[in-house]
Amino acid sequence: MKLPQGKIRFLSVLFFLVLAVNFMAGQAIKRGNNAAGDPVPDDINHTHKGNPNQTLPAIAGPVGQAVVTGNGINYHGGPVMKGNPVNIYLIWYGNWSGTGSNTAATVSTVEHFVSTLGNTPYEKINTTYGDTTGNVSGNLTFAGHTFVNTTTNLTDARLKTTVSNAISSGALPNDANGVYMVLSSSNINETSGFCTQYCGFHTHATLSGTDIKYAFVGNPDRCQSGCEAQTTGPNSPAAGVGGADGMINIMTHESEESITDPDLNAWFDANGEEDADKCNFNFGATSTCTSTSVCSAAGKSAAAKFNQSFGGNDYLMQQEWRNSGGGACAQHL
Amino acid sequence: MKHGCIFCLILVTSCMLFAQSDSSAKPTESAPKPDALQGSPKITTATRGVQQFWELERNLAEAFEKKDKNAMGKFLNDDFKVWMPNQTGSAVGREDWLASGHENPTPLRMVQMAVQFYQDVAVVKFVGQVKVEAGSKGSPQQYFVVDLWEKNDQGWELTNRYMAAINPIQLPAKPNGKQ
């Protein structure tokens, strides 16, 4: 039976539309797969360390440029944390009423640090990172804490449960704009590799229906040679008690990366190194605690080093990779 | 007739869309299990020891790849030995190892490094993967490596390497730095 011309034309147009929709659907799926990550190089080059001890001139932050590339770190399509501020929640795990650096003094020092870090020239380095909808604000705030008094060592699974329990119990809010940091006292081990493989780590998980970003930072007095730049820091209460300053340095690292790569699919380079990894234990130019510094008495006696001063305290904090001006480890934007 | 043609078109299109979405949703065989007790996906901050020995091991591997005996010699103790599973249980001594080629492979890609210090001795473990030659097929060979380094006045020297080939483990699709 021969079809009329009109019907043939109608069917042709319909067929074309069907093919077009199918093609577009296939393209969308392909884009999703490509966002999963770069190809794995056959060998990893870890020689990219930035420029230690380089004093960089201040560089204005990006304006209206959410994704800027070509500065030694790559964007992989995922979100960054754009909260203004990002909320930092602290879960003190172990015994923080003990001795050495496992004390209320450390808790106070660390929480003061978190409370005053937001909007500092250091934190503003993070504003050079963004996603397709905007940039990191460079602002964060100490939003709350809880204590888990225990002698039980941590595992990766127990760490996740600790964060989950803190949220589900109401001790801390369920906050997609938050970074939850589990801080363990020095008598606590994280058996997946604390002190042998790592000093801390960050990751994320769906907890109580929310994409929760969380991190682990152990008290580095547990392994001073592995996770501390100096055993007596600018805020040490006594010689050889460097846990608070050591934790602050590692917390800086984990918070920077939780904000710029929260779901492990945003900013990292071809070697898988995130912005703080590229400057790990790289402090740049430092000053020495002297009698006129605001360092603790122990810090002054030990001539402890520092490279940041804000909120009435001195700190030794690793540099962070600045995603502008060609890229480099920097102490400020 | 008209309704039949339209129905066929819709059916064909649905099948094509279903086939594409099904293949894209298929999980990779080696995707890490987020709920695993240990080794959950995470980005770690390497210890100072890992940082230090990553560079040393990397420099040693590069010198081996370039067949630079002078450079390799700087890292190796005079009594350096490589222990690998073999019929006799014998080690390969320094000179034989320096002169060797593919019989004594040196892994280049390193992951999962951990370092433990015992005074002047560092125990360094990692999983190493030999360099993949262009155009080669199949999975590159992986090794579980434990190196003993000793510190002296000149720095760190490698005294013993314990190395065994392993069944391939899935390395992170996204490299995790020095994890």
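## Close-up views of a predicted two-chain model

**View 1. Chain B follows the pattern α-β-α-α-β-β-α-β-β-β-β when read along its sequence.** Welcome to this predicted model. Chain B holds 4 helices and 7 strands. Of its 179 residues, 24% are buried.

View 2. Which residues of α2(B) are buried? They are G49(B), V50(B), F53(B), W54(B), E57(B), L60(B), A61(B) and F64(B). Looking down the axis of α2(B), we find these buried residues within an arc of 140 degrees, so they line one face of the helix. Their packing partners come from both chains: α4 (224-227) of chain A, and β1 (43-46), α3 (69-75), β4 (109-118), β5 (121-129) and β7 (155-166) of chain B. After α2(B) comes K67(B), with a positive phi near 60 degrees.

View 3. Buried here are T106(A), T109(A), V110(A), F113(A), V114(A) and L117(A). Seen down the axis of α2(A), the buried residues keep within an arc of 130 degrees, so one face of the helix is lined by them. On the face turned away from the buried side, look for the exposed residues A104(A) and S108(A). The cover over the buried residues of α2(A) includes β2, β5, α5 and β13 (313-315) of chain A. Just past the helix, N119(A) has a positive phi of about 65 degrees.

**View 4. An open sheet of 6 strands brings the two chains together.** Follow the strands in the order β5(A)-β2(A)-β6(A)-β8(A)-β7(A)-β1(B), with mixed pairing. Which strands stand at the edges? These are β5 (140-149) of chain A and β1 of chain B; each has a single partner strand, so one side of each is left without a neighbour in the sheet. On average, neighbouring strands of this sheet are turned by 20 degrees against each other, direction ignored. Within the sheet, strands β7 (residues 198-207) and β8 (residues 210-218) of chain A form an antiparallel pair over 8 bridges. Here T203(A) sits opposite Y214(A) of β8(A).

**View 5. The largest nonpolar core has 98 residues.** The residues with the most contacts inside this core are I88(A), I91(A), V163(A), Y180(A), M181(A), V182(A) and L183(A). Strand β2 (residues 86-94) of chain A supplies the largest share of the core, with 7 residues. Let us stop at Y180(A): which residues does it contact, leaving aside neighbours within four places in sequence? Y180(A) is in contact with Y89(A), I91(A), V163(A), L172(A), I212(A) and Y214(A).

**View 6. A229(A) is a buried loop residue.** You will find A229(A) in the loop between α4 and α5 (243-260) of chain A. Is A229(A) buried or exposed? With 20 other C-beta atoms within 10 Å, A229(A) is buried, because the cut-off for a buried residue is 20 or more. Apart from its neighbours within four places in sequence, A229(A) is in contact with N249(A), F281(A), F283(A) and L316(A). From A229(A) to N313(A) there are 84 residues in sequence and 18 Å in space, C-alpha to C-alpha.

View 7. Most residues other than glycine have a negative phi, and most peptide bonds are trans. N84(A) and P85(A), however, are joined by a cis peptide bond, with omega about 10 degrees. P85(A) belongs to the loop between β1 (74-75) and β2 of chain A. A303(A) is not a glycine, yet its phi is positive, near 50 degrees. This residue, A303(A), lies in the loop between α6 (297-301) and β11 (305-306) of chain A and is exposed, with 12 other C-beta atoms within 10 Å. Q119(B), also not a glycine, has a positive phi of about 55 degrees. The place of Q119(B) is the loop between β4 and β5 of chain B, where Q119(B) is exposed, with 7 other C-beta atoms within 10 Å.

Definitions and conventions:
Residues are numbered from 1 along each chain as its sequence is written. Chains are lettered from A and ligands numbered from 1 in the order in which they are written. This is a predicted model: local features need pLDDT of at least 70, side-chain atom pairs count only at pLDDT 80 or more; totals for chains, interfaces and linings use all residues. The arc is that of the directions from the helix axis to the C-beta atoms. Two residues are in contact if their C-beta atoms, placed from the backbone, lie within 7 Å. A nonpolar core is a set of buried Ala, Val, Leu, Ile, Met, Phe, Trp, Tyr and Cys residues joined through C-beta atoms within 7 Å. Two strands pair if DSSP finds at least two bridges between them. Axes are lines fitted to C-alpha atoms, for helices over the stretch in contact, and angles run from 0 to 180 degrees between N-to-C directions.
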